[in-house]
Structure formats: C-alpha cells, structure tokens
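Please look over the sequence and the model before reading on.

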Amino acid sequence: MRNFISYDESIDILNNLNISKFPTEKLFITNAIGKVVANDVIANHNNPEFPTSAMDGYAIKFEDIKNENIKIIAKNPAGSIVEKEVTTNTCIKTFTGSLMPKGSDTLVPIENVEVNENKIKIIKEVPFAFAVRNIGENYKKDEVLIKKGTVIGFAEVGVLASLNISQIEVIINPTVAIASTGSEVLDLGETQTNDSQIRSSNHLTLEVLFKSNGANTIQMGVVKDDMDSITNLLETALLKADIVVTTGGVSVGDYDFVQDVIKDKLKAKVLFHGVNIKPGMHLLIALKDNKIIVALPGFAYSSTVCAILYVLPLIYRFRNSNEKLPIVKAKINGNFQQPYSKTVFTACNVNYINGEYQIDFDGKKMGTSAILTNMLESPALLIQKENSENIKSGDLVDILLLNNIK
C-alpha cells in the first residue's frame, strides 16, 4: 500500500531541492521582456543630476513671490544651459525638463502669472521649491534600482534605458518537455476510430501554461501506453529538458506504465508518489541525473491544477526569480463543506468588489477531475487545507488567482 504524504510535505520536499546552477545570457533590453535579471542593477549617477523644472513657467527666487513686477531676463529651453542668473526681482522663463537657472529655487507655472511686456505679475502664489525636481528625485547614485530575480517588464526597460544600459544579463529560461500518455488519447487531427477514444488537450494546455510562465517548451505530443514508447519518450526528453512533464499513467491501473518506467526502467529517485490532495492524488515526482520528472494525472482539470501547484514553482526556481503563486484572501459568498480529509482545490469564480476579493460557485460544475471548463471566465481555486473546518458564508478563505497566472 502506497503512503500518501500531505500537500505541505510535498511542497517542502520540492522547496528543499538543490537547484543552484543558473546559466545566463546577455540580451538587448527590449528582447529581455519576461526574462529574469541575473544581478542587481545599481544606479551609477543621480537622476536628475541637477535641479530641474517639472513644468513650463518662470524660475524665481521664492523671496520674490509677492512682488508685483518681476523682470523676465532670459528664456531657458530644454536641452540648453542658460548663462544668466536669477537675482532679486528677476525671473527666467523656463520649460519642462530644463535645468533650473542659477539663483532660482521655485518655478511659478505659466498659468499663475500675467505677463506685461517683459515683466510678470504672480496672480496665484505657489509654495517654496514648487515644480522643481531635486537632485536624485528619480534615483540616487549607488541605489539598487532593479533587484536580481526581478522579471523584466516595461518599467524595467525604461529604467535600464535611463541608465544607458543597452544589454542586460538574464537567467536562461528552463526547458520543459511535455507529453500526454494513453492509448485511448488522440492528438489534434487524428481520426477517432472507436467511441472509447478521447481528444487530448493536456499537452497543449500545459505547453501554453509553461511558456507563459517563463519556460522554453518541447512538445512531445501524445504517446501510447506501452513500456517501450514511454521509455523512449522519457529518455529522449531527459536529454533535452530540465523538467519533463507527462500526463496519465500514474494511477493504479493495469496499463498505467509511466510510474513503472520511472521507477524500474530509468531507476529514477522518486521524491514522492501520492499526495493527499484533490485533485491529483496519484502525482509522482522523481529525479534523474539532476533532471526533474513530474508525472501528472490524466484528467484535464486535475493535470492542470497539479501543473500550476507543482511545475510553475519549479520553473520559478530554475529562473531564480522572485515569482510566487498568487494566493490571496477572499470572502466566500455561501457555505461550503470540507468533506475530505485532504487538501482540496476547488474551481470558483472571483471578483474584486469594494476593495476585497469575493468568490462564489455560480455556474461551476460539480463532478470529476476532468472538467477543465471550470477554469474559464474569472476563475480561482479555493484552497481548503487537510482536516480544515467547513466554511461559512462571509468567511475569509485562501484562493489562488488563476487569471494572475499569465
């Protein structure tokens, strides 16, 4: 009889895996979107380096704010340096992005003054240092601006460009090989020859899930349920991939050969086979030559949920990133039982209303672990820990936001 471990135990085992090699490459910054920064990015200068105007207006000494007639002595367009200096009762017309002229400390916006020939009258006062960007307002020299482990997005590209960094060192994404197993499973385009055959979606669902979460993928397609085919699949995939993910063939049936190949043919080190969760209790994870094999159940909903819970965190680990599964608190609208002595992940609807997440089960189908359509629209997974209490309407619960997983 196989021993099933708890969900928390299974996660601890994966978290304790020694993943320490993180190969890197240098990419042009706009080609690095979605990649993970390998080293801290540190500012090599102040930004701005000098007091700078944040608006179009007139640079003055604040002591002149109540003066009726302040003489305009020059213009100061962006990109040039004005030679004249602001002295008592004088001002220089200054534009957005221009350096503040010497002697000035405050900018009065154009709309706050009346201009009469070469003088201004301030009709609406501003406070001291108004619209002046101080030295280092954006960032200061030696400040860590982008921490290693950060996933590069548009803001990171903008900051890198402002630092005059054209290429950035990033972690090379891990490679994940994916296959569906089962003699009853048909790939796209294959013709059905009997009523027991089903169309596989697992390998394609997981390919997209892994790609959009930072992995390179190798699509191995659909593999028949026999020892030779599955052995060939796993041996080939292990040569090319950091993580190999299969669906089907890990239960207790006469034709569930994936587990036999992993244990007997490959002699892989099984980390665990069987977790006290629903869906996905027959999940198997093993190590072979520092590569990770994740054998998932065959049902579509079950394999997808388990891929999110187990494979995505592995991808994040291989990327050495600060990414985590988006688990938040939500208010449940309705009572919900916990009929199982295991950790349960149930599809629900989530909405953000009046500053809080709220969940319900309207339109969700109750049945087997094959109902992938429960992940459509605005889905989340309600997380009920092993041996937890029944949930009452209005309780705060843990949910995993599926739409926040790209």
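The sections below describe the basis of the model, its nonpolar cores, its aromatic pairs and some local features.

## Basis of the model

The model is predicted: local features need pLDDT of at least 70, side-chain atom pairs count only at pLDDT 80 or more, and totals for chains, interfaces and linings use all residues. Residues are numbered from 1 along each chain as its sequence is written, and side-chain values use heavy atoms, with hydrogens and water left out.

## Nonpolar cores

A nonpolar core is a set of buried Ala, Val, Leu, Ile, Met, Phe, Trp, Tyr and Cys residues joined through side-chain atoms within 4.5 Å. Buried means under 20% relative accessible area, exposed over 50%, and partly exposed in between (1.4 Å probe, protein chains only). The largest core has 45 residues, and F210, V294 and Y310 touch the most other members. Helix 6 (residues 300-318) supplies the largest share of this core, 13 residues. Helices (H or I, at least four residues) and strands (E, at least two) are DSSP runs, numbered from the N terminus. Apart from this core lies another, of 20 residues, which includes I230, V244, F257 and V261.

Y310 is buried, at 0% relative accessibility. Leaving aside residues up to four places away in sequence, Y310 touches Y7, S10, I11, L14, F272, V275, I277, L283 and I285, where contact means heavy atoms within 4.5 Å.

## Aromatic pairs

Rings of Phe, Tyr and Trp (its six-membered ring) pair if their centres lie within 6.5 Å; planes under 30 degrees apart count as stacked, over 60 as edge-to-face and the rest as tilted. The whole structure holds six aromatic pairs. In one of them, the ring centres of Y7 and Y310 are 6.1 Å apart with planes at 80°, so the pair is edge-to-face. Because Y7 belongs to helix 1 (residues 7-15) and Y310 to helix 6, this pair ties together parts 303 residues apart in sequence. Ring pairs also link Y7, F272, Y310 and F345 into a cluster.

## Local features

Helix 5 (residues 258-265) has V258, Q259, V261 and I262 as its buried residues. Their cover includes helix 4 (227-240) and strand 14 (175-181). Just after helix 5, K267 takes a positive phi of about 55°.

N213 sits in the loop between helix 3 (202-211) and strand 17 (216-223). With 2% relative accessibility, N213 counts as buried.
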